[in-house]
Amino acid sequence: MIIEIQGYGPKSTARAALTNAVPLVTKYASGFLNPKTPHIMQLLDELYPSFPVFSFNNCFDTNQFSYRSVPVSHTPHIAWIGRIEDNKNWREFLKIGSELVHNYNSGIQLHMFEDPTISEPKERAEFKNLIKELNLEANLLLHANVPNNEMANYFSMIGESGGFLCSTSKVEGAPYSLLEAMSCKCPVLTTDSDGVKSSIIHNQTGKYYTLGNVDEAVKEAKELIMDSQLREYIRVNALQHVKINFSPELYCANFIAMIRSLGI
């Protein structure tokens, strides 16, 4: 039995879950697998010092989920994906969007992809109030439960519009949404939410901003929109990075090495 850990959201949740699991894991499991998530690796080193741990990137098939030819928009579109809950940090996205819409380009379109059935009523009410407070109703589109295979169209459209995917999470495991965007030539602006380190390299495969620093996020966003040379460099590099470092072939080789090391 190999237990795969993709992420638990907040670090405190990950610590509690992995601590509580110690007696069962050490009794029944053969090893842990995780996709190079730094805070998870640190916890496994601390809580399971002599237990087999394997760490390699998830696989992503760029042939199945990739750039599609789409109509080109003349105004930038900016996307956010997640649940309306604290760790996904929706408030920060709305504030970044507000700065860009009201102080840079009033034509910018904001897209939030979410599942409205899994948010707490109190947080949902706060979400609606902040949209109104920031005067974003005319620029914001909410998308509920978009099927995964349709997301390639959205990512391609956003990438061609001069926009980007904005990830504001506080902590992440190894988010597939970033790989999906990169595969569709949609640039990524993200917080350094830990699990994104294997996919995003600043100004090479995407851009980082400091969690909580809206001004810095806006600065990086403007550069991504206006500097066409850097933008294209990031789009091309990001796609190559996913193809090489997240390929199914590489994952297969790593997986075989893992089970062989366990004597299978």
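The structure is a predicted model. Lining this pocket are 25 residues, and I81, G82, F113, S177 and E180 lie nearest its centre. At least two lining residues come from each of β4, β5, β6 (140-144), α5 (148-161), β7 and α6 (176-183). Helix α6 makes the greatest contribution, with four residues.

The second largest pocket holds about 150 Å³ of space. Its lining includes Q6, G7, Y8 and G9, together with R83, N87 and K88 and residues such as V171, E172 and P175. Four residues of this lining are nonpolar, five are polar and three are charged.

In soluble globular proteins, nonpolar side chains tend to be buried together. The largest nonpolar core of the model contains 30 residues, among which L94, M112 and F164 have the most contacts inside the core. Each of β4 (77-81), α3 (90-103), β5 (109-114), α4 (121-133), β7 (164-167), α7 (214-226) and α8 (228-245) supplies at least two residues of this core. When neighbours within four places in sequence are left aside, M112 is in contact with residues including W80, W90, F93, L94, F127 and L141. A second, separate core has 24 residues, among them F65, M151, L165 and A238.

Helix α9 (residues 248-261) has 14 residues and, at 1.5 Å a residue, should therefore span 20 Å; the end C-alpha atoms are 20 Å apart, in agreement with this expectation. Helix α9 is followed by G263, which has a positive phi near 85°.

How values were computed: Residues are numbered from 1 along each chain as its sequence is written. This is a predicted model: local features need pLDDT of at least 70, side-chain atom pairs count only at pLDDT 80 or more; totals for chains, interfaces and linings use all residues. Side-chain values use heavy atoms; hydrogens and water are left out. The expected span of a helix is 1.5 Å times one less than its number of residues. A nonpolar core is a set of buried Ala, Val, Leu, Ile, Met, Phe, Trp, Tyr and Cys residues joined through side-chain atoms within 4.5 Å. Buried means under 20% relative accessible area, exposed over 50%, partly exposed in between (1.4 Å probe, protein chains only). Contact means heavy atoms within 4.5 Å. On a 1 Å grid over the protein atoms alone, a cavity is a set of points where a 1.4 Å probe fits but cannot get out, and a pocket is an open set with protein on both sides within 12 Å along at least five of seven lines; lining residues have an atom within 4 Å of a point. Grid points are joined across faces, edges and corners, and a volume is the space filled by probe spheres set on the points. Ala, Val, Leu, Ile, Met, Phe, Trp, Tyr, Cys and Pro count as nonpolar, Asp, Glu, Lys and Arg as charged, and the others, Gly among them, as polar.
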